[in-house]
Amino acid sequence: MSLLFNERTHTYYWNGIPVPSVTQVIKAETDDQYQYVDPRVLELAAQFGKATHTAVHLEALGILDYSTLDEPLIPYLNAFKRFACDYELEIEFTEKRLYSQVYRFAGTLDLKGTVHGIPAIIDWKTGILNKLACGLQLGAYEILDSENFGSGKISPIKLVVQLRNDSTYRVMECSDPMYRHQFIKLLQQFDMEEFQNEHEKYRILESA
């Protein structure tokens, strides 16, 4: 059994079958905040966020080559290092792709570790924070983590850390269990058959 990810289409595949991502499941609940934003601006923001995640991931592993780092990323990396120091961050893993066989969705956890010695799941953000979207996302990651690693044990702290361009950070906690339950409700409403049919059509067009 294997989980694969297509970077170009941002699609997860479990044993060759497309499965929805966390972002796709919560999309209906989060689209409103971006409906008046130019799609080109959103794409640029997404690319920058991805670059920041990569830099943080490599720094967390201790293998970041600073000579290859774009200058605009430096303040965000400084913010990460400041947070790590202030919260006594200990890292178990970063950027891990996981699948839930129970709920049939996939996602990538930014980081799991401890803060001040307490188990935590952490998500990095570089843009505007939306409490509901962040809560739903971390509720989903909680499901993935507990199913794959925790034998049902739930990490008690879920944090969103907004990394800023002035080398500072903001922390927002989303540990309320209601987010986990809300995500499951959204998943139950998600049209899995339509999702897989759409991806099958796209696959056929690509191979034509």
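**Entry 1: the hairpin of E5 and E6**

I began with the hairpin that E5 and E6 form, in which two residues lie between the strands. I looked up the turn and found that His-116 there has a positive phi of about 50 degrees. I note at once that the model is a predicted one.

E5 covers residues 105-115 and E6 covers residues 118-125; the two run antiparallel and are joined by five bridges.

**Entry 2: from E6 to E7**

Next I asked in which sense E6 pairs with E7. The sense is parallel, with six bridges between E6 and E7, the latter spanning residues 157-163. I noted two positions: Ile-122 faces Leu-159 in E7, and Asp-123 has Val-160 in E7 as its bridge partner.

**Entry 3: the five-stranded sheet**

I placed these strands in their sheet. The sheet is open, has five strands in the order E4-E5-E6-E7-E8, and its pairing is mixed. At the edges I found E4 (90-100) and E8 (169-173), each of which pairs on one side only. Neighbouring strands here are turned against each other by 35 degrees on average, direction ignored.

**Entry 4: the three-stranded sheet**

I turned to an open sheet made of three strands, with the order E1-E2-E3 and antiparallel pairing. E1 (3-6) and E3 (17-19) have a single partner strand each, so one side of each is left without a neighbour in the sheet. From one strand to the next, the twist averages 40 degrees.

Within this sheet I examined E1 and E2. E2 comprises residues 11-14, and four bridges pair it with E1 in the antiparallel sense. Phe-5 stands opposite Tyr-12 in E2.

**Entry 5: the nonpolar cores**

I asked which residues have the most contacts inside the largest nonpolar core. They are Phe-105 and Phe-183, in a core of 24 residues. The elements that give two or more residues to this core are H1 (22-30), E4, E5, H4 (131-148) and H5 (178-189). H4 supplies the largest share, seven residues.

I then listed the surroundings of Phe-105, leaving aside residues up to four places away in sequence. Among the residues that Phe-105 touches are Pro-20, Val-22, Leu-98, Tyr-99, Ala-140, Ile-143, Leu-144, Phe-183 and Leu-187.

**Entry 6: H4 against H5**

Last, I looked at how H4 and H5 meet. Their axes come within 8 Å and cross at roughly 85 degrees. This angle makes H4 roughly perpendicular to H5, because angles of 65 to 115 degrees count as roughly perpendicular.

I recorded the residues in this contact. From H4 they include Lys-131, Leu-132, Gly-135, Leu-136, Ala-140 and Ile-143; from H5 they include Tyr-179, Arg-180, Gln-182, Phe-183 and Ile-184. I also asked how the residues of the contact of H4 with H5 divide into nonpolar, polar and charged. Eight are nonpolar, four are polar and three are charged. Ala-140, Ile-143 and Phe-183 take part in this contact, and Phe-105 touches each of these residues.

Methods. Residues numbered from 1 in each chain as written. Predicted model: local features only at pLDDT ≥ 70, side-chain atom pairs only at ≥ 80, totals over all residues. Heavy atoms only, no water. Pairing = 2+ DSSP bridges. Axes fitted to C-alpha atoms, helices over the stretch in contact; angles between N-to-C directions. Core = buried A, V, L, I, M, F, W, Y, C linked by side-chain atoms within 4.5 Å. Buried < 20%, exposed > 50% of the residue type's maximum accessible area, 1.4 Å probe, protein only. Contact = heavy atoms within 4.5 Å. Parallel < 35°, antiparallel > 145°, perpendicular 65-115°, else oblique. Nonpolar A, V, L, I, M, F, W, Y, C, P; charged D, E, K, R; others polar.
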